[in-house]
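Please open the structure in your viewer and keep the sequence panel beside it, with a way to select residues by number. The stops below can be taken in order.

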Amino acid sequence: MSTLVRLSKSPSTTDLTPEDTSFIDAHFQVTPRDVTLSDITFTWDQVTEIETAKAARAKSPAGWFVKKIMFSGDERYHVAIYAGRSEAVLPNTSLKIVQYIVQTIAYYAPKSILYSGIEGVSPVSDE
């Protein structure tokens with residue numbers, strides 16, 4: 001299992017569109033005390049793992065419609081924060097938003113946090 005490497009500087013928003021930053025502001029907040037994702041807040045001592053995943057799409061007309069029409073053909077991703085048996089999940093978002101969220105967590109987290117999922121989202125170390 002990998003752990004997030006603590007980042008020395010906050011991630012940049014230069015690669016994000018104004019719509020991306022508005023989406024992030026509406027669904028993700030982080031402070032030195034806690035982290036909120038999809039209106040669920042955990043203190044840092046509760047957070048045990050961060051997970052990312054590529055969103056699955058059904059190979060049917062409905063799956064095609066969702067990917068091509070609703071999401072403009074872009075791949076979509078999920079990011080989740082786990083705190084023991086509790087979780088907060090932000091589904092169907094862009095890779096850039098997932099990267100920003102995970103890297104922001106890596107910057108703010110005062111302790112080591114396990115990471116699983118998409119490679120290259122944020123620096124990790126293997127334990």
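**A charged pair to begin with**

One salt bridge is found when the whole structure is searched, a salt bridge being a side-chain nitrogen of Lys or Arg within 4 Å of a carboxyl oxygen of Asp or Glu. Before selecting it, note that this is a predicted model, in which local features need pLDDT of at least 70 and side-chain atom pairs count only at pLDDT 80 or more, while totals for chains, interfaces and linings use all residues. Residues are numbered from 1 along each chain as its sequence is written, and side-chain values use heavy atoms, with hydrogens and water left out.

Select Glu-75 and Lys-54, which form the salt bridge, their closest N and O atoms being 3.7 Å apart. Glu-75 lies in the loop between helix H2 (61–70) and S6, whereas Lys-54 is in strand S5, so the pair ties together parts that are 21 residues apart in sequence. Helices (H or I, at least four residues) and strands (E, at least two) are DSSP runs, numbered from the N terminus.

**The sheet of six strands**

Next, colour the six strands that form an open sheet in the order S7-S6-S5-S8-S1-S9, with mixed pairing; two strands pair if DSSP finds at least two bridges between them. Strand S7 (86–93) and strand S9 (124–126) stand at the edges with a single partner strand each, so one side of each is left without a neighbour in the sheet.

Now zoom in on strand S6 (residues 77–83), which pairs with S7 in the antiparallel sense over six bridges, and find Val-79 standing opposite Leu-90 in S7. In the hairpin of S6 and S7, with two residues between the strands, Gly-84 takes a positive phi near 65 degrees.

**The sheet of three strands**

Move on to the open sheet of three strands, whose order is S2-S3-S4 and whose pairing is antiparallel. Its edge strands are strand S2 (28–30) and strand S4 (40–43), each of which pairs on one side only. Strand S3 (residues 34–37) is joined to S4 by four bridges, and the two run antiparallel; within this pair, Thr-36 stands opposite Thr-41 in S4.

**The largest pocket**

Which residues line the largest pocket? Select Pro-11, Ser-12, Thr-14, Asp-15, Leu-16, Lys-96, Gln-99, Tyr-100 and Gln-103 to see the lining. On a 1 Å grid over the protein atoms alone, a pocket is an open set of points where a 1.4 Å probe fits, with protein on both sides within 12 Å along at least five of seven lines, and lining residues have an atom within 4 Å of a point. About 150 Å³ of space lies in this pocket, the volume being the space filled by probe spheres set on the grid points, which are joined across faces, edges and corners.
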